[in-house]
Amino acid sequence: MPERSLGDWLAHLERIHPASIDLGLSRVTAVARELGLLPFTQRSLMIAGTNGKGSVAYSADALLRAHGLSTGRYTSPHLASFNERITRNAEPVADELILEAFAAIEHARAEVTLTYFEFATLAALWVFRRENVDVAILEIGLGGRLDAVNIVDSDVAVITAIDLDHQHWLGDTVDEIAPEKAAIARPGRPVVLAEGNYPRSLFATLASIGAAILRAGDEWSWREEGSRLHLSVEGQRLRLPVPEGLRPANVAAAVRASRYLLGNEFSEIVAEAALGDLVVPARCELRDIAGRELLIDVAHNPAAMEVLASFIKRLPTRRSVAMLGVMEDKDYDAMATSLADCVDGVCAVAIPGIARAAAPEAVWQALDRAGIAIAQTDFSLAGVWEQLLERTQVGDRIVVCGSFYTVAGILALLRADSSG
């Protein structure tokens with residue numbers, strides 16, 4: 001029987017568990033122990049929060065690598081290939097290594113069923129152990145307390161901004177959601193908080209765990225001045241750049257966590273170069289396509305959309321149109337309201353093959369209520385893209401935003417066009 005390709009394996013992963021999301025740690029912990037992955041022996045940084053997890057992960061990765069440490073980074077979802085989820089020194093690992101990890105997990109799980117995300121998480125931990133990385137950077141997928149990544153007892157944790165998202169699984173209020181995020185903390189180990197406004201329930205949970213809280217404004221501080229961060233950390237004063245499109249609070253959190261892991265080895269000069277060169281894919285990312293300015297961003301909930309809208313308002317004024325595709329549990333009206341302040345019109349787009357995707361007609365109605373819906377009969381990615389090209393001319397701006405799947409779909413379409 002021929003060996004499975006990566007594509008074959010990923011299709012297999014989507015079939016072996018009856019639910020795409022099944023929060024809980026018992027199954028994944030059992031398989032991790034069978035694989036010898038627990039306790040996880042590499043140093044690790046874990047990141048939870050509603051928005052900004054990827055920005056922290058990429059920033060910390062760049063900082064640690066620049067200081068000479070080898071890194072493994074686990075994030076999700078991906079834009080072009082599964083391999084993006086598991087990197088070593090910022091490079092996606094090869095198919096062969098992932099296939100070896102999958103085969104080991106399949107053997108170890110026996111009759112235990114795992115979700116796609118649980119399988120991927122175990123594969124990342126297996127690869128990081130095999131490659132013996134100095135630091136594993138682990139992004140929580142959903143929530144924190146019952147997320148598969150939380151089987152690792154991290155050396156330091158970061159919690160980004162907390163807002164309403166995934167209410168079906170996490171709770172209907174920020175006060176209910178915050179303890180789910182806080183549960184990634186560990187007794188006596190530091191948890192970095194860079195935002196200024198966290199709910200009381202977060203601090204109550206961290207106190208009950210016994211975590212060491214590194215809160216901006218208390219144990220350390222940061223402020224933004226222009227495109228620079230001014231930080232004071234353990235007696236060290238730092239002045240560092242903020243990479244384009246990233247929220248200063250997320251960069252500050254990455255700096256604080258990296259400073260903890262590096263100790264006195266942390267160098268402002270090295271950090272300056274690392275952050276100055278950093279580009280995070282699909283986070284306020286600007287490209288040039290057919291003479292148009294293409295802005296792509298995975299702003300998939302109201303809080304993230306507010307950040308994107310703020311970024312657009314800081315750009316030079318151009319005629320701007322957008323496409324929006326999101327999951328069905330999002331607040332389309334709030335997202336449409338943010339877009340109404342910064343673009344001239346928006347098309348809704350269908351996300352094929354994703355059961356949780358919102359009906360594009362429902363998204364269009366929200367855009368219409370906000371007064372920015374573009375009349376359309378074709379909601380397909382290709383159809384919407386062609387419509388936006390026809391409505392724009394050289395020098396205009398096209399914004400692609402919403403779910404990772406929306407951005408990934410357009411990027412795949414553009415790759416196909418360029419290769420054709």
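**Exercise 1. Describe the hairpin formed by E9 and E10.**

Solution. Strands E9 and E10 form a hairpin with two residues between them, and Gly226 in the turn has a positive phi of about 65°. Helices (H or I, at least four residues) and strands (E, at least two) are DSSP runs, numbered from the N terminus. The model is predicted: local features need pLDDT of at least 70, side-chain atom pairs count only at pLDDT 80 or more, and totals for chains, interfaces and linings use all residues. Residues are numbered from 1 along each chain as its sequence is written, and side-chain values use heavy atoms, with hydrogens and water left out.

Next, take the pairing. E9 pairs with E10 (residues 228–233) in the antiparallel sense over five bridges; two strands pair if DSSP finds at least two bridges between them. Glu225 has Arg228 in E10 as its bridge partner.

**Exercise 2. Find the strand order of the open sheet of five strands, and the helices that pack on it.**

Solution. Start with the order: the open sheet runs E12-E13-E16-E14-E15, with mixed pairing. Strands E12 (285–289) and E15 (345–348) stand at the edges with a single partner strand each, so one side of each has no neighbour in the sheet. From one strand to the next, the twist averages 25°.

Then look at one pair. E14 (residues 320–325) and E16 (residues 397–402) run parallel and are joined by six bridges. Within this pair, Ala322 stands opposite Val399 in E16.

Helix H14 (residues 381–391) lies across E12, E13 (292–297), E14, E15 and E16, and runs at about 170° to E14.

**Exercise 3. Work out how H11 and H12 are arranged, and which residues make their contact.**

Solution. Two packed helices are described by the angle between their axes and the distance between the axes. The axes of H11 and H12 (residues 332–340) come within 9 Å and cross at roughly 5°. The two helices are therefore roughly parallel, a label for angles under 35 degrees.

On the H11 side the contact is made by Pro302, Met305, Glu306 and Ala309, and on the H12 side by Ala334, Met335, Ser338 and Leu339. These residues divide into six nonpolar, one polar and one charged. Ala, Val, Leu, Ile, Met, Phe, Trp, Tyr, Cys and Pro count as nonpolar, Asp, Glu, Lys and Arg as charged, and the others, Gly among them, as polar.

**Exercise 4. State which residues lie nearest the centre of the second largest pocket, and which element gives the most to its lining.**

Solution. The lining has 18 residues, of which Glu224, Leu246, Arg247, Pro248 and Arg314 lie nearest the centre. Two or more lining residues come from each of E9 (221–225), H9 (248–262) and H11 (302–314). H11 gives the most, with four residues. By class, the lining has 10 nonpolar, four polar and four charged residues.

How values were computed. Axes fitted to C-alpha atoms, helices over the stretch in contact; angles between N-to-C directions. Contact = heavy atoms within 4.5 Å. 1 Å grid on protein atoms, 1.4 Å probe; cavity = no way out; pocket = protein on both sides within 12 Å on 5 of 7 lines; lining within 4 Å. Parallel < 35°, antiparallel > 145°, perpendicular 65-115°, else oblique.
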